[in-house]
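This briefing covers selected helices, their contacts and a few individual residues. Please read it alongside the sequence and the model.

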Amino acid sequence: MDWWHGLILGLVQGLAEFLPISSSGHLTIMQETLGISGEGNLAFDVAVHVATVLSTVVIFWKPLFNLSKGLFVKGMNREKDYILKILVSMIPILLVGFLLKDVVERIFDTSRVARHTGNPLLVVGICLIVTAVLLLISEIISAVRDLKNGKDGEDKEQKVADRMTVTEDMTGPQRRKIFSLQNGINYWQAFLVGVAQSIAVLPGLSRSGSTIATGLMAKVRRTSLAQFVFIMVIIPILGEAFLEIIKGLHGGGMSGFFSLPVLCGFIAAFVSGLFACTLMVGLLKKFRLWGFAVYCFIAGVLCIVLPYAIG
């Protein structure tokens, strides 16, 4: 891998990690296009994923700081409720990681897919189309809901929730209801979004697209959704990176961690991640995601058709 390979792949990782177009899918496409899909890129993969997590922390430093402060306040509060929902959302991805890791790695093996189908991007193409369908369905449901409640319905709901106070004489269910209204998500919705994240380990199935689409379909408040789906992935990504580092240290796969391609990829992923994360938060609050659905559908069809047409 040359330095410019690292720069391009880092830019792709940073942009596609937050935009609902699949970072794993686009990295696979770019690696096939650049002819470096067979190289051992463990150190690079770890570096760019850590870079995107770092960009998430920078963008959401204030809510993350408030969550950490809330941990040291006596009794149950809004911040602790939010953290518990983050933990609930992590249950499905932990189960997939422990029980289906080998299966997922085989699906990610483009050379294996190519041997069986003649198209290394077939799985990526199918999953991109699935991402497009999920985005389309979720936006239709969200649009219908806005027609019923008004475009400013969620803003009014949030303002009402923020004025609510929790008192000592309230029961547990009453407190949880208020916290859910204030945080814009309940425990069941958090679990469903977590299920979407666990399925999105497939290459081409966008993590942000799947979690956002599932959240919209589950009636999570749109203004609260981006923050939740981006914060919820911090621990799983860092955990996976840590395990990969341990495995790499034992197998020698981390020898190029401080190489120029990895450094270029890290910087590019961090900078483009800052841009994409900020952009996506604004888009989700104010605009529809139809354009991303169309893009994913076209990209998916091309991934399925072009390798056969060229080959």
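L135 sits in helix α8, where helices (H or I, at least four residues) and strands (E, at least two) are DSSP runs numbered from the N terminus. The model is a predicted one, in which local features need pLDDT of at least 70 and side-chain atom pairs count only at pLDDT 80 or more, while totals for chains, interfaces and linings use all residues. Residues are numbered from 1 along each chain as its sequence is written, and side-chain values use heavy atoms, with hydrogens and water left out.

**Helix α8 and its residues**

- L135 counts as buried because its relative accessibility is 0%; buried means under 20% relative accessible area, exposed over 50%, and partly exposed in between (1.4 Å probe, protein chains only).
- Not counting residues up to four places away in sequence, L135 touches P20, G209, A213, L289, F292 and A293, contact meaning heavy atoms within 4.5 Å.
- L135 and F292 are 157 residues apart along the chain, and their C-alpha atoms are separated by 7.8 Å.
- I140 is also placed in helix α8, but with a relative accessible area of 43% I140 is partly exposed.
- Helix α8 (residues 122-149) has 28 residues and spans 41 Å from its first C-alpha to its last, close to the 40 Å expected at 1.5 Å a residue; the expected span is 1.5 Å times one less than the number of residues.
- G150 follows α8 and has a positive phi, near 90°.

**Helices α1 and α15**

- The axes of α1 (residues 3-18) and α15 (residues 260-286) come within 6 Å and cross at roughly 25°. Axes are lines fitted to C-alpha atoms, for helices over the stretch in contact, and angles run from 0 to 180 degrees between N-to-C directions.
- That angle makes α1 roughly parallel to α15, since angles under 35 degrees count as roughly parallel, over 145 as roughly antiparallel, 65 to 115 as roughly perpendicular and the rest as oblique.
- Residues making the contact include W3, L7, L11 and F18 of α1, and C264, A268, F275 and M280 of α15.
- By class, this contact has 14 nonpolar, 7 polar and no charged residues. Ala, Val, Leu, Ile, Met, Phe, Trp, Tyr, Cys and Pro count as nonpolar, Asp, Glu, Lys and Arg as charged, and the others, Gly among them, as polar.

**Helices α12 and α13**

- The axes of α12 (residues 207-217) and α13 (residues 222-231) come within 10 Å and cross at roughly 145°, in a right-handed crossing.
- S208, T211, I212, G215 and L216 of α12 meet R222, L225, V229 and F230 of α13.
- The α12 contact with α13 has 5 nonpolar, 3 polar and 1 charged residues.
- S208, in helix α12, is buried at a relative accessible area of 3%.
- Leaving aside neighbours within four places in sequence, S208 is in contact with E17, F18, L19, P20 and F230.

**Loop residues with positive phi**

- S22 is not a glycine, yet has a positive phi of about 80°.
- S22 lies in the loop between α1 and α2 (23-34) and is buried, with a relative accessible area of 1%.
- K219, also not a glycine, has a positive phi of about 70°.
- K219 is found in the loop between α12 and α13 and counts as exposed at 59% relative accessibility.

Technical notes. Left-handed = near helix turned anticlockwise from the far one by under 90°.
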